[in-house]
Amino acid sequence: MSQHFPFSAVVGADDMALALTLTTISPAVGGVLVRGEKGTAKSTMVRALASVLPPIEVIADDRFSSDPAEANPLSPDGPFAADAPTETRPVRLVELPVGATEDRVLGSLHLEKALSEGITTYEPGLLARAHRGILYVDEVNLLHDHLVDLLLDAAAMGRSTVERDGVSIEHAARFVLVGTMNPEEGELRPQLLDRFGLTVDVRAPRDPATRAEIVRRRLAYEADPVSFAARFADDEGDFTDRIVRAQKLVEQVQLTDEVLITIAELCAAFDVDGMRADIVTARAASAHAAWNGRTDVTKEDIRVAARLALPHRRRRNPFDAPGIDEQQLDDLLGDDDEPDPDPGPNGDGPSGGSDGPDPSPSGDLGSVAVGESDANPPPAGGTGEARAAASDPYRARLFTVSGVGTGEAGKRSRAVTSSGRRIGAQRGTTGAIHLTETVRAAAPHQVARGRRTGKLDLRADDLRIAMKEGRESNLVLFCVDASGSMAARKRMGHVKTAVLSLLLDAYQRRDKVGLITFRGGEATLALPPTSSVDIAAARLDDLPTGGRTPLAEGLLQAAETLRIEHVRDPRRRPLLVIVTDGRATSGGDALARAHAVAAHLGDTGVASLVVDCESGAMQLGLARQLAGVLDAEHVPLADVSAEALTSLVRDRVPRHSAGSAGEGAA
């Protein structure tokens with residue numbers, strides 16, 4: 001068994017270690033989501049946590065890790081005799097891969113036996129294996145939304161239910177859920193963020209001494225993992241003992257009316273939605289009190305709990321930055337008569353009792369100083385560049401890719417997916433069974449199989465799985481004209497608002513997005529395709545305007561970006577959104593070159609949309625010409641809004657005059 005990096009070597013008085021500790025003491029807190037840049041030891045700390053948790057006692061040979069102390073454990077392997085043999089084993093850390101299927105997460109039923117023999121055979125999934133342990137999801141933001149929903153439902157309810165074609169299995173699934181993510185790769189929807197009990201933002205420390213200590217410990221660990229772990233063995237044991245004491249004490253912590261009122265006032269003051277924030281804050285405050293050996297909750301406990309439970313619940317749309325005003329928090333709580341600074345998970349202050357120089361807020365191989373994630377917008381342009389601000393985004397029209405795709409499940413274009421309406425059947429063993437087609441496939445073989453009467457003789461080759469048509473996510477690549485002509489009549493402000501609205505729509509439909517800008521004499525891939533619309537919005541906000549219009553270069557950059565992305569992910573169909581007035585003024589024969597490139601793009605069959613930014617009484621119609629060459633849909637800038645489309649349709653509906661209505665009534 002490989003030697004993990006010691007937990008006490010990576011923790012200090014930082015929010016990440018504290019959040020993991022609190023949710024371990026009281027799993028009802030609801031798990032932890034750790035957001036941070038790459039290389040900040042998120043995974044290292046989570047994997048190290050399992051090794052310091054106290055071992056658990058389970059019923060022997062039970063695949064669901066049932067607790068012998070429970071009167072009637074919820075296990076498909078039960079019921080168990082009162083004197084059933086037991087065994088003690090370490091807490092499991094179960095890792096859920098991003099590409100996991102629903103059957104892998106929930107478990108699977110043997111459909112062939114269920115249909116032919118009436119026998120229910122259940123193969124446990126990852127939720128069953130994680131019962132009474134830790135379920136770790138790295139890059140949780142890249143997991144399909146419906147799987148995240150399944151995880152969070154199981155974590156909240158403490159059980160998992162598998163239902164397939166009339167067969168139902170239920171088992172206990174109580175675990176500590178820990179998710180890590182890099183916000184640069186895309187955010188979780190606010191509805192899913194709210195389901196995580198605690199959230200922390202981490203970043204690499206900037207202090208040179210701390211960074212040097214991180215490198216020193218990492219090199220020492222890699223040189224001799226066993227000896228390195230031995231240095232922290234006493235700290236590991238002390239931490240485990242303290243966790244055990246806190247887990248026993250947390251049930252005795254008193255949440256007085258005064259404490260509950262204070263928590264309610266905090267949540268109301270920070271304008272969080274729903275009641276989950278109040279409940280999680282109360283549970284986290286109780287766990288923090290137990291961690292510090294008390295049965296009474298102080299203002300310091302509430303302060304710590306609020307810092308972990310509230311920031312992500314204030315985020316209502318993807319462009320809101322998570323965070324909390326700690327000065328406002330202190331003002332609301334006032335002074336505590338008995339301040340109780342957290343002594344750190346090892347009880348020895350920020351250093352965690354480890355040797356070596358002060359590891360500062362964290363002394364790990366990438367252990368981190370906690371704070372709000374850095375926003376690093378690209379540098380501003382040179383002198384003379386104009387920047388227009390976008391207004392609040394509006395609800396955009398739905399633009400789709402024609403035909404039926406086979407991409408990842410989403411909410412934009414038609415596709416064959418795992419959910420939706422049935423359109424046929426295919427061979428397989430994973431997914432919803434198509435009973436009619438299964439019986440139809442088996443029927444011609446019954447005589448050859450020796451069946452005369454009785455149950456249908458069903459074989460694995462007979463099984464047919466339903467094919468369903470739903471919606472897929474797409475790659476929405478924006479190609480935005482940022483030349484000087486776009487700065488006229490405050491046009492760029494309207495353009496940015498339209499693109500921001502389309503970005504919000506892409507976020508809601510789970511698309512990947514990319515951003516190309518062209519101005520002066522060149523085109524720039526300002527943002528390679530990503531799932532993070534936050535970054536796209538930041539790049540758009542910082543977009544300067546000015547110079548000539550290199551339309552051909554912008555289209556060439558779009559063609560190359562789409563080519564590369566097709567190699568990386570051939571199943572994801574693109575939607576190219578060109579935002580321009582159609583002018584081309586950079587270089588000789590600029591317009592002819594641009595139309596030649598557009599014709600090439602049109603020949604590739606890429607779905608395109610030209611958002612026409614031209615305005616005023618005198619219009620050249622160049623964007624409409626470009627759309628014709630591209631074989632793209634032409635949409636005036638003002639018609640990007642869904643409300644504009646509704647008004648347009650309403651205006652086109654024939655209306656009876658008042659006189660005609662009167663005659664009809666008569």
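**Basis and confidence**

Residues are numbered from 1 along each chain as its sequence is written. Because the model is predicted, local features need pLDDT of at least 70 and side-chain atom pairs count only at pLDDT 80 or more, while totals for chains, interfaces and linings use all residues; side-chain values use heavy atoms, with hydrogens and water left out.

The pLDDT, the predictor's confidence in each residue on a scale from 0 to 100, averages 80 over the protein, and 83% of the residues score at least 70. Residues 346–384 have a pLDDT below 50, yet this stretch has 104 contacts in the model beyond near neighbours in sequence; a contact means heavy atoms within 4.5 Å. Over residues 652–666 the pLDDT also stays under 50, and here the model has 1 contact beyond four places in sequence.

**Overall make-up**

The secondary structure comprises 23 helices and 21 strands. These elements are DSSP runs numbered from the N terminus, with helices being H or I of at least four residues and strands being E of at least two. Of the 666 residues, 49% count as buried; buried means under 20% relative accessible area, exposed means over 50%, and partly exposed lies in between, with a 1.4 Å probe and protein chains only. Among contacts with a separation of 6 or more, 80% are between residues 24 or more positions apart.

Helix α3 (residues 42–52) is mostly covered, with 8 of its 11 residues buried. The buried residues of α3 include Lys-42 and Ser-43 as well as Met-45, Val-46 and Leu-49.

Helix α2 (residues 15–25) and helix α11 (residues 233–249) have axes that come within 9 Å and cross at roughly 50 degrees. The arrangement of α2 is therefore oblique to α11. On this scale, angles under 35 degrees count as roughly parallel, over 145 as roughly antiparallel, 65 to 115 as roughly perpendicular and the rest as oblique. The axes are lines fitted to C-alpha atoms, for helices over the stretch in contact, and the angles run from 0 to 180 degrees between N-to-C directions.

On the α2 side, Thr-21, Thr-24 and Ile-25 meet Phe-239, Ile-243, Ala-246 and Gln-247 of α11.

Val-250 is found in the loop between α11 and α12 (257–269), and it is buried, with a relative accessible area of 12%. Val-250 and Ile-25 are 225 residues apart in sequence, but their C-alpha atoms are 7.5 Å apart in space. Beyond residues up to four places away in sequence, Val-250 touches Ile-25, Ser-286, Ala-287 and Ala-290.

**An aromatic cluster**

Rings of Phe, Tyr and Trp (its six-membered ring) pair if their centres lie within 6.5 Å; planes under 30 degrees apart count as stacked, over 60 as edge-to-face and the rest as tilted. By this rule there are 6 aromatic pairs. In one of them, the rings of Phe-5 and Tyr-221 have centres 5.0 Å apart and planes at 65 degrees, so the pair is edge-to-face. This pair links distant parts of the chain, with Phe-5 in the segment before α1 (7–10) and Tyr-221 in helix α9 (residues 208–223), 216 residues apart. Phe-5 is buried at 4% relative accessibility, and Tyr-221 is buried at 13%. Together with Phe-228 and Phe-232, Phe-5 and Tyr-221 form one aromatic cluster.

**A buried arginine**

Arg-307 lies in helix α14 (residues 299–309) and is buried, with a relative accessible area of 18%. Apart from its neighbours within four places in sequence, Arg-307 is in contact with Asp-15, Glu-326 and Leu-329.

**Backbone features**

Most residues other than glycine have a negative phi, and most peptide bonds are trans. A cis peptide bond joins Gly-78 and Pro-79, with omega about 0 degrees; Pro-79 lies in the loop between β2 (56–59) and β3 (86–89). Two aspartates with positive phi are set out below.
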